[in-house]
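Here is a short report on local packing. The sequence and the structure come first.

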Amino acid sequence: MSRHEITLTVNGRRHAAQVEARVTLVDFLRDHLRLTGTHTGCEHGVCGACSILLNGKPVRSCLIFAVQAADADIVTVEGLAPDPETLSILQDSFWETHGLQCGFCTPGMLIAARALLAQNLSPTEEQIRDAIGGNLCRCTGYKPIVDAIKLASMRMRQSNEAGGKYAGAE
Ligand code: FES
Ligand code: FES
């Protein structure tokens, strides 16, 4: 199997690696970089557990080879928190509304929500449900997840009003 040199940025850190052409991006993130917050579920693009941001867009990292992500800017769930000891507003909102039970879907849900809120800080419930519509959750019934994203959007707007810096179109 051929090996390829790639460089890419993950959570603000530049990485260079040699990877086999057959290695998926999710396996590269988990096995090579030890970023195991991104989960592998179905491994064929259905469940959304492996979602990451690739150049700002949510994508399923099980459907991409690592070599295809060369030179990309990637954010995984580990990159959502300001530091390892502090939850982001979005993560704290999931905690507050019990937006997770087993937690398996949570990294993908957080990535989908982050992508939505980067575009729209005042999403309707329909827009929230649409944004997480490709992410499967077996535990929560989705309502606490929708509530978490609503709460996060309100908190981010309040933070902006107080001089914060959250992206999003009103
Ligand atoms: S593991 Fe990638 S979509 Fe399910
Ligand atoms: S919290 Fe268990 S799958 Fe969503």
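Contact means heavy atoms within 4.5 Å.

## Basis

This is a predicted model: local features need pLDDT of at least 70, side-chain atom pairs count only at pLDDT 80 or more, and totals for chains, interfaces and linings use all residues. Residues are numbered from 1 along each chain as its sequence is written, and side-chain values use heavy atoms, with hydrogens and water left out.

## Histidine 15

Histidine 15 sits in strand E2; strands (E, at least two residues) and helices (H or I, at least four) are DSSP runs, numbered from the N terminus. Histidine 15 counts as buried because its relative accessibility is 15%. Buried means under 20% relative accessible area (1.4 Å probe, protein chains only). Leaving aside neighbours within four places in sequence, histidine 15 is in contact with Ile6, Thr7, Leu8, Val10 and Leu33.

## Helix H1

H1 spans residues 25-32, and Leu25, Val26, Phe28 and Leu29 are buried there. They cover an arc of only 165 degrees around the axis, which puts them on the same side of H1. The arc is taken from the directions from helix axis to C-beta atoms.

The buried residues of H1 pack against strands E1 (3-10), E2 (13-20), E3 (51-54) and E5 (73-75). Arginine 34 follows H1, with a positive phi near 60 degrees.

## H2 against H5

Helix H2 (residues 89-96) packs on helix H5 (residues 143-161) at about 135 degrees, with axes 8 Å apart. Axes are lines fitted to C-alpha atoms over the stretch in contact, and angles run from 0 to 180 degrees between N-to-C directions.

Key
Chains are lettered from A and ligands numbered from 1 in the order in which they are written. Buried means under 20% relative accessible area, exposed over 50%, partly exposed in between (1.4 Å probe, protein chains only).
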